[in-house]
Amino acid sequence: MSKIFVITSGKGGVGKTTTTANLGVGLAMRGQKVALIDTDTGLRNLDLLLGLENRIMYDLIDVTEGRVPYKKALVRHKKYETLFLLPTSQVKDKMAVNPEQLVKLCDEMRKEFDYILIDCPAGIEQGFKTAIAAADVAIVVTMPEISAVRDADKIIGELGRADKDTIKLIVNRIRPQMVEAGDMLAMDDINDILSIDCIGQVPDDVKVVTSTNRGEPCITMKDSQAGQAYRNIVGRIMGENVPFMKFEKEGFLARLKHVFGM
Amino acid sequence: MLDALMKIFGKKEKSGAIAKQRLQVVLIHDRANVSPEVMENLKNDIIKVISNYMEINQHDMEISLANDDDSVALVANIPVSRMKHDKGEHA
């Protein structure tokens, strides 16, 4: 029986799909059998982040409308063989799947996988309602930015109204230097405001961009700080007690400047 | 108070702290689900009642929801121009 997670955020561009791809690969690297379901119909990208864009034959809508069984639509990852993607349609829209269809599909898939991760579209409309319907746990991704935190708060409210009470937080794209200088919301500030159990603090990392370019999530890169943060989250999802990483401190000169208020 | 001290010492408040304060205020409204229209109606009703007893400066009047520890408080700042001793004075 699998555990079903939905990765959601309200605001677009905070890293939902990047998080889904990294956690999926990370869980597969740990030997888990994982299915990733892209529900961002019409704006699909999870296939690109995983480097699987040329292997898609069928999609989520083909499955929910009964044209093919889900196993036929799954795309197996080239390198991580216990990782499967169920891509969505790029031509249909969010109304093409309803919550009941996704719940039914996940119930069927549950028997086959250890983890199912659902990548949710931005917004709070139908696509969001469909994506969260089947989830046991909701992971809210946000950034240390007022608009992203406000939207996260809204999403947490919506999840509560939908009786999704197990909610975890991932704060993405943290810039430790800016936090240290007092120019970015700190983890404590975000925890004060949202009061949600935090399972991840991911630093802003240029390797996220370069790894996305290649279609290889940064969790596979040993020297990536964001990759390390994602590996830690994977451990926590699997029930391990992983301490939060310390970010690289700013250099001596910058610290000296800071002390003198420059 | 802190703002005033900051000004005296010429130190600019850090933008991270400003972000947190702004978020806390805006989320009180978001969570309370009070529309600006409801706040405006409430303000007008308060003006109506208070005007029975005193003349108030409507332009400088401020009314808002604020976070008071764990609860939400309605905070009104209503400048009084003059008391109305004759209650029957108003129209």
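Reading a predicted two-chain model

In this predicted model, chain B has a mean pLDDT of 81, and 76% of its residues reach 70 or more.

User: Where in chain B is confidence lowest, and where is it highest?
Analyst: Helix α1 (residues 2–8) of chain B has the lowest confidence, at a mean of 60, whereas strand β1 (residues 54–56) of chain B has the highest, at 91. Local features need pLDDT of at least 70, and where pLDDT is low, the predicted coordinates should not be read in detail.

User: What makes β3 and β8 of chain A edge strands?
Analyst: Eight strands of chain A form an open sheet in the order β3-β4-β2-β5-β1-β6-β7-β8, with mixed pairing. Strands β3 (75–76) and β8 (197–203) of chain A each pair on one side only, and they are the edge strands.

User: Why are strands β1 and β5 of chain A said to pair?
Analyst: Two strands pair if DSSP finds at least two bridges between them, and five bridges join strand β1 (residues 3–8) of chain A to strand β5 (residues 115–119) of chain A, so the two are paired, and they run parallel. Within this pairing, F5(A) stands opposite L117(A) in β5(A). Helix α6 (residues 126–133) of chain A packs on the sheet, touching β1, β5 and β6 of chain A, and its direction makes about 155 degrees with that of β1(A).

User: How many residues of chain B are in contact with chain A, and of which classes are they?
Analyst: Contact means C-beta atoms within 7 Å, and 13 residues of chain B are in contact with 13 residues of chain A. On the chain B side, five are nonpolar, three polar and five charged.

Terms used
Residues numbered from 1 in each chain as written. Chains lettered and ligands numbered in written order. Predicted model: local features only at pLDDT ≥ 70, side-chain atom pairs only at ≥ 80, totals over all residues. pLDDT = per-residue confidence, 0-100. Helix = DSSP H or I, 4+ residues; strand = E, 2+ residues; numbered from the N terminus. Contact = placed C-beta atoms within 7 Å. Nonpolar A, V, L, I, M, F, W, Y, C, P; charged D, E, K, R; others polar. Axes fitted to C-alpha atoms, helices over the stretch in contact; angles between N-to-C directions.
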